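Take a look at the model below.

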Amino acid sequence: MFDAEKIQKDVEDFTKKAKETTSLIELDNIRKVLFGDKGIITLASKMIGKLAPEERAGAGKVLSSVRATFNPVFEEVKEKLESVELKKQIASEKVDVTVESGDSSVASLSERLNSTLGARHPIQVLQEDVANFFQSIGWQIASGPEVEAEWYNFDALNFGPDHPARQMQDTFYGEQLNTVLRTHTSPVQARSLIDCGVPLYIACPGKVFRTDELDSTHTPVFHQCEGLAIDKGLTMANLKGTLDAFFKAMFGDSAKARLRPSYFPFTEPSAEMDVWFEHKKGGAGWIELGGCGMVHPNVLRSCGIDPEVYSGFAFGMGLERTLMLRHDIQDMHDIVEGDIRFSKQYGLES
Ligand code: DAH
């Protein structure tokens, strides 16, 4: 039954209540009583269709008039209460910038801001640790673009155009002709040799890309660190010594490097490099970390360096793998998801 009088009376009562309320929640409850799914006005509107045709217009007018009574009051009260709440919130979050940070009687910055501070991502911290080590032995830190020319990513590194080794790396090709998302940090070798010449000692931590699916051990976007040393008279013994020192800095004094024969187009001879790693929980073993070798004469030639005079070594290693090993992280998802609760465990290391 469409009872116009009752509807008008109800709406008047609730409009009065709305005027008097001091709470946004209560205001919204009042709105729901009228306009919610089972609200008085909602049900009344549904009823109109069932009325006799000659009654419909009158009922429609009643509903629009009660809407016109309630809605402006609702909007006005809502605006007023929201501005009161905002003022309260601003007052509660006020930060006294004149308080000295060293004062222990004062709440920490995050407490005063009533929020948590962020944490640096452990991969970022690791990249800096690696860079610090190489700087400490007198090397320079180099970088290159992530969208790379195919020539630097492959050709300069002795991957011929039809070289089967191009298939070793699952490449994202760019829309622009002859560009790729770099599949490794090795193109920085060629860039740095061309830009800086020899002798050259560089390390290059950075982001690389391959068309892998994300799972517990793979991610399409990951990080590597490349190393390159070119000088007169460098040998594989220098490579082994550098890796030993680097691994000790990264994994502790008991760590050391082992080389196993392998193949890469840009090195000859080439090797896989393993690290001897002692787990904190006990147990130890050789774990593969990357590749290395003596830089191929063709790479030196591509960069305008005479291989009869200069020689040197290069290596590349995965940083996610290093991080997982160092901190016993089991699942790659933890590294890529960027959850602050994960980063906080490692991210504040310096
Ligand atoms: N770029 C290689 C890769 O991503 C790793 C690598 C192997 C780098 C041997 C090197 C090297 O510098 O000499 O699989």
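**Around the ligand**

The shell around the ligand divides into 5 nonpolar, 9 polar and 2 charged residues. Here Ala, Val, Leu, Ile, Met, Phe, Trp, Tyr, Cys and Pro count as nonpolar, Asp, Glu, Lys and Arg as charged, and the others, Gly among them, as polar. This is a predicted model, in which local features need pLDDT of at least 70 and side-chain atom pairs count only at pLDDT 80 or more, while totals for chains, interfaces and linings use all residues. Residues are numbered from 1 along each chain as its sequence is written, and side-chain values use heavy atoms, with hydrogens and water left out.

In total, 16 residues surround the ligand. Each has a heavy atom within 4 Å of it. The closest are H184, S186, R210, Q224 and E226. Three strands, β5 (221–231), β8 (284–295) and β9 (311–318), each supply at least two residues of the shell. Strands (E, at least two residues) and helices (H or I, at least four) are DSSP runs, numbered from the N terminus.

An oxygen atom of the ligand is 2.9 Å from an N or O atom in the side chain of R210. For Q224, an oxygen atom of the ligand is 2.9 Å from a side-chain N or O atom. Taken alone the ligand exposes 360 Å², and the protein buries 92% of that. These areas come from the Shrake-Rupley method with a 1.4 Å probe.

Now turn to helix α11 (residues 319–327). Of its 9 residues, 7 are buried, so α11 is largely enclosed by the rest of the structure. Buried means under 20% relative accessible area, exposed over 50%, and partly exposed in between (1.4 Å probe, protein chains only). The buried residues are L319, E320, T322, L323, M324, L325 and R326. After α11 comes D328, whose phi is positive, near 55°.

L81 is found in helix α4 (residues 53–92). L81 is buried, because its relative accessible area is 8%. Its C-alpha atom is 9.1 Å from that of T21, 60 residues apart along the chain.

N178 lies in the loop between α7 (150–153) and β3 (179–181). With a relative accessible area of 47%, N178 is partly exposed. The C-alpha atoms of N178 and A314 are separated by 25 Å, and the two residues are 136 residues apart along the chain.

Terms used
Polar contact = N/O pair within 3.5 Å; in protein donor to acceptor, adjacent residues only side chain to side chain.
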